[in-house]
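My entries follow the order in which I looked.

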Amino acid sequence: MTTRESLQIVELDIERCSRTYGSAPCTAALGTSGVRKCFNTYFTCQDTANFDSTAETLRFARNQNGFNRSDRIYPCLQSVSTNPIEINLGGVSDRKSGLGKRARIKVMLKDFADSDIWFDQYQSERVDGTGQTDEGGYNPLNRGTFFGKLRRRFPYYVGRALRVKEGYVGDSLASMRTRNYVVTEWAGPDAAGNVTITASDVLDLADDKKATAPKASEGRVANNLDDNTLEVFDLLPAGVGSEYPASGTAIIGSEIVTFTRSNDTITLTGRAQGGSAPSTHSADDSFQLCYAVDGAKINEVAADLLTNYADVDASYIDTTAWANEADRWLNTYRVTAIITKPTGVAQLLAELSDFGVMWWWDDEAAEIRMRANRPLDIGETAPDLTDNATFIEDKTGTKDLYDERISRVLFYHGVIDYSNPVTKGDNFRRVSVAIDGSAESANEYDQVATREVYTRWLGNEGSNTVASPVTRRILNRYRDTPRQVVFEYDVKDEASVQVAQPVTVQSRLLQDDTGNSLAVQMQVTSVEEVITGHRLKAKAQSYQFNGRYGFFTENSRPDYDASTNEEKAKGTYFVDETTEEFSDGTGPYLFF
C-alpha cells in the first residue's frame with residue numbers, strides 16, 4: 001500500500017506595483033527621488049501617484065520534496081495552529097459575542113537568508129551596483145533575512161489575504177483544499193529567527209475597533225443656529241462637504257436633523273428628528289452624519305454594514321442566498337433606526353442577531369453565510385451522526401449549557417429618543433414579554449432565567465408585530481437547558497458536519513428514560529481540524545424545533561386525508577378541535 005505524503009502550503013498576498021522603475025508613467029529617478037530603486041511595494045515607492053497595485057502571492061511550506069519549482073514555494077513553514085469559529089446561536093450565550101468567536105490561525109515560520117532572486121525585480125542591479133547610488137554592488141544573500149526585509153518593505157500587512165492549502169505532494173495548487181483568512185498580527189523575526197503571522201476570519205474586519213457605522217464626521221457648523229428654523233449654513237473646514245451625502249440625517253449636539261447638501265452648504269429639512277428635542281447650536285459644533293435606515297430588510301442592512309463600513313469585499317456575500325433566507329423566514333421583519341454616533345459594526349450585527357439570525361465565515365467557500373434561527377425547511381435534511389458510523393471511539397462528550405436556558409424574554413423596543421443611550425429600559429416605550437410559567441414552576445426548573453433585549457431597530461414607535469414572535473421564538477428554542485455534544489470524526493464525513501448545519505445525533509451518551517440511545521436534533525456550532533487531512537472535531541447544540549411546521553398552501557389543495565405525504569409536508573391542515581389529532585394519529589401543525 002502506498003502512503004501519500006500530506007502537504008500544507010500557506011499563501012500570503014502582498015501588494016506589488018506592476019510598473020518598472022523610471023519607465024513612464026513611473027516618474028521615479030535614481031539619485032533624484034531616491035538613492036536606490038524601489039522594491040515594487042507601496043512603502044518603498046518613490047512615485048505613489050502612479051503606483052499600480054497588483055496582488056502577488058508568497059508561498060511557504062515545510063522543507064520536503066515534491067514541490068513544483070514554478071510555484072515558488074519557500075520551505076520555511078514550521079506549523080499551523082487553529083482556533084475555530086464558534087457561532088452564537090440566537091446571540092444567547094454571554095460567553096461569546098453576538099457574532100460568536102472568530103476563527104483565528106497562527107502560522108509559525110523560520111527566517112532565512114535569501115538572495116532576493118524571486119522577490120526583487122532589480123536584484124541583479126543591486127549586485128552590480130547600478131540599482132543604487134549610495135553604495136556599490138552587494139550580495140543580497142549576505143544582507144539581512146527574508147522576513148526581516150519583507151516586514152520593512154511591506155508594513156501594511158493587516159487585512160491582507162492569507163490562505164492555508166492542504167493536500168498531498170503532487171497535487172496542483174488549484175485542487176487543494178483551501179481555507180481563507182485575513183492577516184491581523186505579525187511577530188518577529190526574533191533572535192532565533194522565529195516569525196509568527198496571525199490571521200482571522202473575514203468578519204474580523206467588522207471588529208468594533210476597526211469598523212464603525214456611521215463613520216466619524218469631521219465637519220463643523222460655521223455659525224450659530226437657532227432652535228426652530230430650517231437654517232442654511234456652511235460646514236468647516238472648507239471642502240469637508242465632500243464627506244457627506246447629498247441628503248441624509250445628522251446630529252448636532254443632541255438634536256437629530258435631516259438635511260440636503262450642495263458643496264459645503266447644508267440646508268436643514270427637518271428638526272428634532274428621532275425623538276430628540278430642538279436646540280440652539282453654536283459655531284464649531286460637530287455635524288455628525290448618522291446611519292439611518294427606514295423599513296429595511298435585515299439582510300440588506302447587514303450587507304450594507306459589512307461592505308460599506310467594514311470594507312468587506314462584496315464578493316464574500318451571496319446576496320441572493322441572503323435574500324432567499326430572509327424572504328423565507330424573516331419576511332415580516334423590517335428594521336428602522338438612527339445610529340447617532342460611530343458604533344462598532346460587530347455590535348450592530350450582534351443587535352440584529354437578536355431577531356433570530358446569525359452570520360459566520362465559511363473559510364473554504366470564502367463566503368459569509370447567513371441563516372435564520374428556524375426549523376428545517378421543506379426538503380432540508382439533518383444528516384444522521386452515530387457512534388457506529390461517525391464518531392471516533394472515546395472522543396465524544398456531552399454537557400449541559402445551564403447559562404443559556406431561558407424561561408422569560410423581555411424585549412424592549414420603541415426608542416423614545418435616539419440621541420440618548422439605547423441600552424436601558426427607560427429610553428423605550430414598549431416591552432414585549434414572553435414567559436413560560438411551567439418551566440419556572442417547582443415541578444420543573446424552579447428558577448427564573450431572564451433574557452433582556454434592548455433593540456434600537458424598531459424605530460420610535462416599536463412594533464409588537466415583530467417583537468412578539470421574536471420573543472416567542474427565542475423562548476421556544478431555549479426553554480429547556482441546551483445540551484452540547486463534542487465529537488471527533490473522520491474527514492470522510494466532513495460534508496455532513498458543517499457550521500450551522502442541523503444534524504441528528506444518536507449516541508450512547510444521549511439516552512431516553514429506558515437507557516436506549518436517543519436521536520436528538522442538534523445544530524453544529526463549531527468545526528476544527530485536529531489532524532491535518534484526516535480528523536476533525538465539532539461541537540453541536542440541541543436544536544429545539546421539534547414538531548411539524550406548517551406552510552401556507554394554494555386554495556386548491558385537497559383535505560388532509562386526500563393529500564399525498566409530500567403535500568402534507570409542504571402544507572398546513574386544521575386538526576379536529578376535540579381530539580387534536582388527524583385520522584392517521586398525528587398531531588397538529590405548528591406555526592413558526
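I began with the largest pocket and asked which elements line it. Strands E4 (77-83), E7 (177-187), E19 (357-362), E20 (367-372) and E28 (517-531), together with helix H4 (319-329), each supply at least two residues of its lining. E20 gives the most, with 5 residues. I note that this is a predicted model.

I then looked up the extent of the largest pocket. Its space comes to about 690 Å³. I found 37 residues in the lining, and Trp-360, Trp-361, Asp-362, Gln-498 and Val-499 lie nearest the centre of the pocket. Sorted by class, the lining of the largest pocket holds 17 nonpolar, 15 charged and 5 polar residues.

I counted 4 cavities of 30 Å³ or more. The largest cavity holds about 100 Å³. I listed 15 residues lining the largest cavity, with Cys-17, Arg-19, Cys-26, Cys-38 and Cys-45 nearest its centre. The lining of the largest cavity divides into 8 nonpolar, 5 polar and 2 charged residues.

Last, I traced a sheet. I read the order of its 6 strands as E10-E11-E14-E13-E12-E15, an open sheet with antiparallel pairing. Strands E10 (220-221) and E15 (288-289) stand at the edges with a single partner strand each, so one side of each has no neighbour in the sheet. For E15, I checked the pairing with strand E12 (residues 247-252): the two run antiparallel and are joined by 2 bridges. I noted that Ala-250 stands opposite Leu-289 in E15.

Definitions and conventions
Residues numbered from 1 in each chain as written. Predicted model: local features only at pLDDT ≥ 70, side-chain atom pairs only at ≥ 80, totals over all residues. Heavy atoms only, no water. 1 Å grid on protein atoms, 1.4 Å probe; cavity = no way out; pocket = protein on both sides within 12 Å on 5 of 7 lines; lining within 4 Å. Points joined across faces, edges and corners; volume = space filled by probe spheres on them. Nonpolar A, V, L, I, M, F, W, Y, C, P; charged D, E, K, R; others polar. Pairing = 2+ DSSP bridges. Helix = DSSP H or I, 4+ residues; strand = E, 2+ residues; numbered from the N terminus.
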